[in-house]
Amino acid sequence: VFAQAKAAAKKTADLSNFKQMATGLILYANDNDDLSMWSDHEIGVEWFEQLYPYVKSVDIFRTPAYSRVPVTHEDGDMELPETDYSISGLWTHGTP
């Protein structure tokens with residue numbers, strides 16, 4: 001019973017995260033001539049970083065559904081991802 005309640009709470013937290021990200025996206029677009037945020041991995045610009053001023057906490061970009069594990073990059077360095085969510089590339093080209 002407790003495991004089911006814990007899983008339900010994590011689902012609720014994920015839904016709240018999605019709602020806050022969507023609200024942040026809309027506020028960002030309102031402030032930027034109806035353009036979406038953009039990403040450029042070569043220079044290190046990520047879509048979620050542009051939403052930081054529009055959300056209460058950067059923790060909304062992490063899901064409570066699983067434990068985070070370090071990722072190994074091409075150069076062998078290990079780091080924790082900054083977000084557990086991804087977004088379609090159609091949203092991250094700075095288009096209206």
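**Words and their cut-offs**

Reply: At 9% relative accessibility, N17 counts as buried, since buried means under 20% relative accessible area, exposed over 50% and partly exposed in between, judged with a 1.4 Å probe on protein chains only. Please keep in mind that this is a predicted model, in which local features need pLDDT of at least 70 and side-chain atom pairs count only at pLDDT 80 or more, while totals for chains, interfaces and linings use all residues. Residues are numbered from 1 along each chain as its sequence is written, and side-chain values use heavy atoms, with hydrogens and water left out.

Me: Where is N17 found, and what is N17 in contact with?

Reply: N17 belongs to helix α1, residues 2-31, where a helix is a DSSP run of H or I with at least four residues, a strand is a run of E with at least two, and both are numbered from the N terminus. Leaving aside neighbours within four places in sequence, N17 is in contact with I60, R62, T63, P64 and Y85, contact being heavy atoms within 4.5 Å.

Me: Why is T63 called buried?

Reply: The relative accessible area of T63 is 9%, and therefore T63 is buried. T63 sits in the loop between α1 and β1, and it touches D14, N17, D84 and Y85, not counting residues up to four places away in sequence.

Me: What makes the approach of T63 to D14 a polar contact?

Reply: The two side chains come to 2.7 Å, and a polar contact is a pair of N or O atoms within 3.5 Å, where within protein one must be able to donate a hydrogen and the other to accept it, and where residues adjacent in sequence count only if both atoms are side-chain atoms. The side chain of T63 also reaches the backbone nitrogen of A65, at 3.1 Å.

Me: Why does D77 count as partly exposed?

Reply: Its relative accessibility is 46%, so D77 counts as partly exposed. D77 is found in the loop between β1 (71-72) and β2 (78-79), and, leaving aside its neighbours within four places in sequence, D77 is in contact with V71 and T72.

Me: How do you know that the pair of W47 and F48 is edge-to-face?

Reply: The structure holds 6 aromatic pairs. For W47 and F48 the ring centres are 5.6 Å apart and the planes stand at 90 degrees, so the pair is edge-to-face; rings of Phe, Tyr and Trp (its six-membered ring) pair if their centres lie within 6.5 Å, and planes under 30 degrees apart count as stacked, over 60 as edge-to-face and the rest as tilted.

Me: Why is the pair of F48 and Y52 called tilted?

Reply: The rings of F48 and Y52 have their centres 6.3 Å apart and their planes at 50 degrees, so this pair is tilted. F48 is buried, with a relative accessible area of 4%, whereas Y52, with 28%, is partly exposed. Together, W47, F48, Y52 and F61 form one aromatic cluster.

Me: Why is A29 called buried?

Reply: A29 has a relative accessible area of 14%, and therefore A29 is buried. A29 is found in helix α1, and it touches D34 and L35, not counting residues up to four places away in sequence.
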